[in-house]
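Keep the structure open while you read.

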Amino acid sequence: MAIANLHESRNWYTLRKNELSIEITKLQSQKTLAAYSQADNSAIKAKDEEEIRKFYQALYDSDEEYQGKYKDYTQIPDFEAEMDKITAKYNDELAELTAWETAIDAQITTDSAEMEEVNAYLNSIKSMLSSNIQEDFKFGQS
């Protein structure tokens with residue numbers, strides 16, 4: 001009976017180990033996605049900033065009043081306001097992505113710790129099985 005219980009426990013822990021492996025793999029994929037999303041966020045921010053620079057450069061180049069009043073297009077007051085809007089927008093998105101990645105890291109750490117426990121239990125069960133089987137073969141031999 002004890003051997004049957006040990007086999008059942010071993011099967012359950014093996015199943016849990018496989019579930020954890022799958023979950024960790026999925027989480028690592030999500031972490032990769034989060035990293036790509038952060039890179040995309042930075043690329044889109046740079047593109048939007050470049051478009052604003054081009055717009056204000058063209059505005060500056062086409063208006064003699066701006067040329068007389070400002071040294072270059074970056075001194076136009078609306079330019080700074082537009083750049084600040086873009087920075088704020090993308091910093092908020094980056095903060096969300098970073099929080100997501102941090103949560104994923106925490107879950108990976110938790111699952112990895114549980115995986116170590118499961119492995120320890122499996123090793124213990126295998127040892128008990130081996131010991132019980134040896135005891136069964138010695139039973140009645142004196």
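K85 is exposed, because its relative accessibility is 54% and the cut-off for exposed is over 50%. Its partner is E82, and the two form a salt bridge with the closest N and O atoms 3.7 Å apart. E82 counts as partly exposed, at 28% relative accessibility. Both residues lie in helix α3. They sit three residues apart, about one turn of the helix.

Elsewhere, salt bridges that share partners join R16, E19 and E114 into one network.

## Confidence in the model

This is a predicted model. The average pLDDT of the protein chain is 90. A score of at least 70 is reached by 92% of the residues.

Among the elements, helix α1 (residues 2-62) has the highest mean pLDDT, 93. Helix α2 (residues 64-69) has the lowest, 88.

## Salt bridges across and along the chain

How many salt bridges does a search of the whole structure find? The count is seven. One of them pairs the side chains of E114 and R16, at 2.8 Å from N to O. This pair links distant parts of the chain. E114 is in helix α3 (residues 77-138) and R16 is in helix α1. The two residues are 98 apart in the chain.

Is R16 buried or exposed? R16 is buried, because its relative accessibility is 19% and buried means under 20%. E114 has 26% relative accessibility, so E114 counts as partly exposed.

K47 and D48 form another salt bridge, with 4.0 Å between the closest N and O atoms. D48 is buried, with a relative accessible area of 17%. K47 counts as partly exposed, at 48%. In general, side chains of opposite charge can pair when their charged atoms come close.

## A buried glutamate without a salt bridge

E101 is located in helix α3. E101 is buried, yet has no salt bridge. Which side chain of opposite charge is nearest to E101? That side chain is K31, 4.6 Å away.

E101 does have a polar partner. A polar contact of 3.2 Å joins its side chain to that of Q38. Leaving out residues up to four places away in sequence, E101 touches K31, A34 and Q38.

## Nonpolar cores

Which residues make up the largest nonpolar core? There are 10: I52, Y56, Y60, Y70, Y73, I76, F79, M83, I86 and Y90. Helices α1 and α3 are the elements that give two or more residues to this core. The most come from α3, which gives four. In soluble globular proteins, nonpolar side chains tend to be buried together.

Y60 belongs to this core. Not counting residues up to four places away in sequence, Y60 touches Y66, Q67, Y70, K71, D72, Y73 and I76. A second core is separate and has nine residues. Among them are Y13, I24, M115 and L129.

## Points to check on screen

Start with the E114 and R16 pair, which links helix α3 to helix α1. Then turn to E101, buried and without a salt bridge. Its side chain makes the polar contact with Q38. Finish at Y60 in the largest nonpolar core.

Notes: Residues numbered from 1 in each chain as written. Predicted model: local features only at pLDDT ≥ 70, side-chain atom pairs only at ≥ 80, totals over all residues. Heavy atoms only, no water. pLDDT = per-residue confidence, 0-100. Buried < 20%, exposed > 50% of the residue type's maximum accessible area, 1.4 Å probe, protein only. Lys, Arg positive; Asp, Glu negative; His and termini not counted. Polar contact = N/O pair within 3.5 Å; in protein donor to acceptor, adjacent residues only side chain to side chain. Contact = heavy atoms within 4.5 Å. Core = buried A, V, L, I, M, F, W, Y, C linked by side-chain atoms within 4.5 Å.
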